[in-house]
Amino acid sequence: MTEGGKGIAAIVAACTIWGLSALYYKLLDHVPPLEVLAHRTIWSFVFFAGVLIVQRRLTVLRQALSNWKDVAIVAFAALMISCNWFVFISSIQTGHAIEASMGYYTFPLASVLMGAIFFRERLGPAQAAAVALAAIAVVVLAVGLGVAPWIPIIVAATFALYGVAKKWLTVGPVVSVTAEVMLLSPIAAVLLWQAHHAGTGHYGTDIPTSLLLMFSGLLTGTPLILFSYAARRLTMATVGLLQYINPSLQFLCATLIFREVFSIWHAIAFGLIWTALAIYTTALWRQDRVARRVPPSV
């Protein structure tokens with residue numbers, strides 16, 4: 001298999017794991033989302049620390065936390081990803097997986113907007129049109145449902161802001177995520193101690209639940225490593241296109257397996273977002289093709 005083929009296989013595997021993770025969190029709907037999040041944080045730290053120990057790169061963590069500016073950025077990233085995880089887990093457990101999938105569909109367009117805000121990246125006509133269509137979709141859903149679609153908004157915004165923080169960091173993804181969950185682990189440990197002290201903790205009550213909670217570390221870490229492997233071997237256009245596997249599988253789980261209500265307002269909003277993504281992805285793909293045709297400067 002070529003390096004490109006390996007990259008495609010890796011990102012397809014990563015996005016498939018992410019997309020089907022809703023099935024896993026549905027199995028834990030008897031555990032409060034905050035407790036699930038705390039276990040995901042701690043077991044993710046165990047997983048990533050183990051990876052760095054095997055790679056003999058544990059000392060690289062110092063680079064990610066070398067000064068107060070880096071610590072602040074890592075803390076901000078940790079806050080954004082923990083909020084994203086919490087809203088995603090809660091949406092699965094409360095029957096709002098459709099809204100969560102909409103958030104991850106909207107994330108690339110939210111990233112474009114964040115790039116314009118934080119890095120003064122200019123929006124091309126296609127990007128501006130795509131962002132506008134996504135905004136219209138949010139308004140349509142808010143008007144149709146009579147309430148702001150907070151789940152897709154928070155999911156897209158926190159993940160896009162997480163991406164902003166990642167651009168400010170100089171260390172690799174595995175190291176930065178390890179630093180993030182390391183900062184969050186003491187908070188997670190306190191939450192779990194309080195739950196068990198009050199007699200409401202679920203870890204240790206039965207073997208299936210305990211194993212599922214421990215598995216959250218592997219479920220979090222494996223697709224990230226696969227994604228990092230793929231990103232080094234594929235163009236950004238290819239990575240961006242294949243990432244839609246994740247929200248597509250979430251959407252299928254929500255509608256076909258969880259049997260959530262898919263109203264006419266959801267249909268209109270999703271239609272607008274899918275149109276926006278088609279415009280955005282086509283423009284990105286064309287830019288990538290043009291870039292590959294241009295010979296490198298001497």
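Begin by selecting helix α1 (residues 3-26) together with helix α11 (residues 245-257), which pack at an angle of about 30° with their axes 8 Å apart. The model is a predicted one, in which local features need pLDDT of at least 70 and side-chain atom pairs count only at pLDDT 80 or more, while totals for chains, interfaces and linings use all residues. Residues are numbered from 1 along each chain as its sequence is written, and side-chain values use heavy atoms, with hydrogens and water left out.

Helices here are DSSP runs of H or I with at least four residues, numbered from the N terminus. Axes are lines fitted to C-alpha atoms over the stretch in contact, and angles run from 0 to 180 degrees between N-to-C directions. The helices α1 and α11 are therefore roughly parallel to each other, given that angles under 35 degrees count as roughly parallel, over 145 as roughly antiparallel, 65 to 115 as roughly perpendicular and the rest as oblique. α1 passes α11 in a right-handed crossing, meaning that the near helix is turned clockwise from the far one by less than a right angle. To display the contact (heavy atoms within 4.5 Å), show Val-12, Cys-15, Thr-16, Trp-18, Gly-19, Leu-20 and Leu-23 on α1, and Ile-245, Asn-246, Leu-249, Gln-250, Cys-253 and Ile-257 on α11.

Next, select helix α2 (residues 33-54) and helix α9 (residues 207-231), whose axes come within 7 Å and cross at roughly 55°. That makes α2 oblique to α9, and their crossing is right-handed. Residues making this contact include Trp-43, Phe-47 and Phe-48 of α2, and Met-214, Leu-218 and Ile-225 of α9.

On the α2 side the contact is made by Pro-33, Leu-34, Val-36, Leu-37, Arg-40 and Thr-41, and on the α4 side by Ser-82, Trp-85, Phe-86, Ile-89, Ser-90 and Gln-93.

Finally, turn to the second largest pocket, in which about 250 Å³ of space lies. A pocket is an open set of points on a 1 Å grid, where a 1.4 Å probe fits, with protein on both sides within 12 Å along at least five of seven lines, and lining residues have an atom within 4 Å of a point. Of the 13 residues lining this pocket, select Thr-106, Ala-110, Leu-113, Val-138 and Ala-156, the closest to its centre. The elements giving two or more residues to the lining are α5 (97-118), α6 (125-145) and α7 (150-168), and α5 gives the most, with 5 residues.

Notes:
Points joined across faces, edges and corners; volume = space filled by probe spheres on them.
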